[in-house]
Amino acid sequence: MLRLSLPHLDEAAIDAAVQVLRGGQLVQGVEGQAFEEELQARLGCRHAVLVSSGTAALHLALLALDIGPGDAVLVPDFTFPATANVVRLVGATPVFVDVDPASYCVTAAAFGAAIEAWRGPARLRALMPVHEFGHPVKMEGVRDLAQRHGLRVVEDAACALGAQCAGRGVGTLGDVGCYSMHPRKTLTSGEGGIVVTDDAQIAQRLRRLRSHGMERGDGGVRFVEPGFNYRLTDFQAALGRAQLPHLTDWIAARRLLAARYRERLASLARGGRLVLPADDIGHSWQTFMVVLADGVARDAVIRQLAAQGIEANLGAQCVSAQPAFAAFAPRGGSAEALRLFRQGLALPFCERYGAAEVEQVARSLTRVLEAV
Ligand SMILES: Cc1ncc(COP(=O)(O)O)c(C=O)c1O
């Protein structure tokens, strides 16, 4: 089976994790601290805080900004549900905003229209742009909006470690940025997440909430507020740390693979059978998702590709169409997000694939789509 993606753990990464296991300091050791410092240097931010998942990163980001009951947060309607789950989990209201059909991302214009249309009663507190599949949201417009309306910006860069907007790393362009290190991501620690910020007070709060609400001082340990155990283990940090120096090369390889796919699938696009994803100079290409023509049964295409040894999947959800968020669905729904959810097809994609895999997928996909 040609897998959707493969984690990229070379012998050096595995050795680094094994060394931690043999050493016996499994949590809160030197690997975690070194990885945080290296992430700060790589991303150009003051504070990087390792956590146990991308979801934990988003959860702590909202809590550290004191977002809770009585507050509302603008969330794109095409994403993984974790983005909206955390809004509900802190007791706030998610306000869903439709996305751009080409980039699959929310735009500042759509956020602006939603702000103008918002009538409460919850108080708008934050914008959560999602850099979907690594495509960077244009952050300048988002930041301007936030400033004008006194809102916070929490970037969901779960898929977008290494993506850039105007030459700067996405995730470092709002108040707080969140990344995931799940195995489908370019850099993986199994499970894992990173929260970044330039604000020392927010960073202190993130670290405290990550570890039971605990602070160490001259007088010893104090538990200042209720917190979680959202820590990353040191052997996971060692895995991530070993991959970080390769990230730039891996993204370059992914750009090349995306270009190959675009070229090889161009005739299917010209024939109206699918739409190719938008490119962007700062795209980190975590996922390559095409959008099948309306009327093509996407799930049947997934089954037929599987029968030919190719794993494919849907891309992301239209979150407001899920039962958990029925009470928050926008009037009239989110037409673009719904179409991307129903017709989106993620194809096998990672830096270890090349021309042969693209050829295999393109041939099978052409056969399948020409038969419908
Ligand atoms: C956009 C987005 N946000 C959040 C998450 C959650 O990350 P994790 O699976 O590490 O909890 C994901 C995971 O796929 C995601 O794609």
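**Ligand shell.** I looked up the surroundings of the ligand in this predicted model and found 15 residues around the ligand, the closest being Gly 54, Thr 55, Asp 156, Ser 180 and Lys 185. By residue type, I noted that the shell divides into six nonpolar, seven polar and two charged residues. I then checked which helices contribute, and helix H3 (54-64) and helix H4 (82-89) each supply at least two residues of the shell, with H3 giving the most, three residues.

I went through the oxygen atoms of the ligand and found one at 2.5 Å from an N or O atom in the side chain of Thr 55. The protein covers 89% of the 390 Å² of accessible area that the ligand has on its own, and I recorded that the ligand sits in the largest pocket.

**Backbone geometry.** I turned next to the peptide bond from Gly 120 to Pro 121, which is cis, with omega near 10 degrees; Pro 121 lies in the loop between helix H5 (108-117) and strand E5 (123-127).

Tyr 104 counts as buried because its relative accessibility is 4%, under the 20% cut-off. Ala 166 has a positive phi of about 50 degrees and is placed in the loop between strand E7 (164-165) and strand E8 (168-169); at 80% relative accessibility, Ala 166 counts as exposed.

Methods. Residues numbered from 1 in each chain as written. Predicted model: local features only at pLDDT ≥ 70, side-chain atom pairs only at ≥ 80, totals over all residues. Heavy atoms only, no water. Near = heavy atom within 4 Å. Polar contact = N/O pair within 3.5 Å; in protein donor to acceptor, adjacent residues only side chain to side chain. Areas by Shrake-Rupley, 256 points an atom, 1.4 Å probe, with all protein chains shown as cover. 1 Å grid on protein atoms, 1.4 Å probe; cavity = no way out; pocket = protein on both sides within 12 Å on 5 of 7 lines; lining within 4 Å. Sits in = over half its atoms within 2 Å of the grid points. Helix = DSSP H or I, 4+ residues; strand = E, 2+ residues; numbered from the N terminus. Nonpolar A, V, L, I, M, F, W, Y, C, P; charged D, E, K, R; others polar. Buried < 20%, exposed > 50% of the residue type's maximum accessible area, 1.4 Å probe, protein only.
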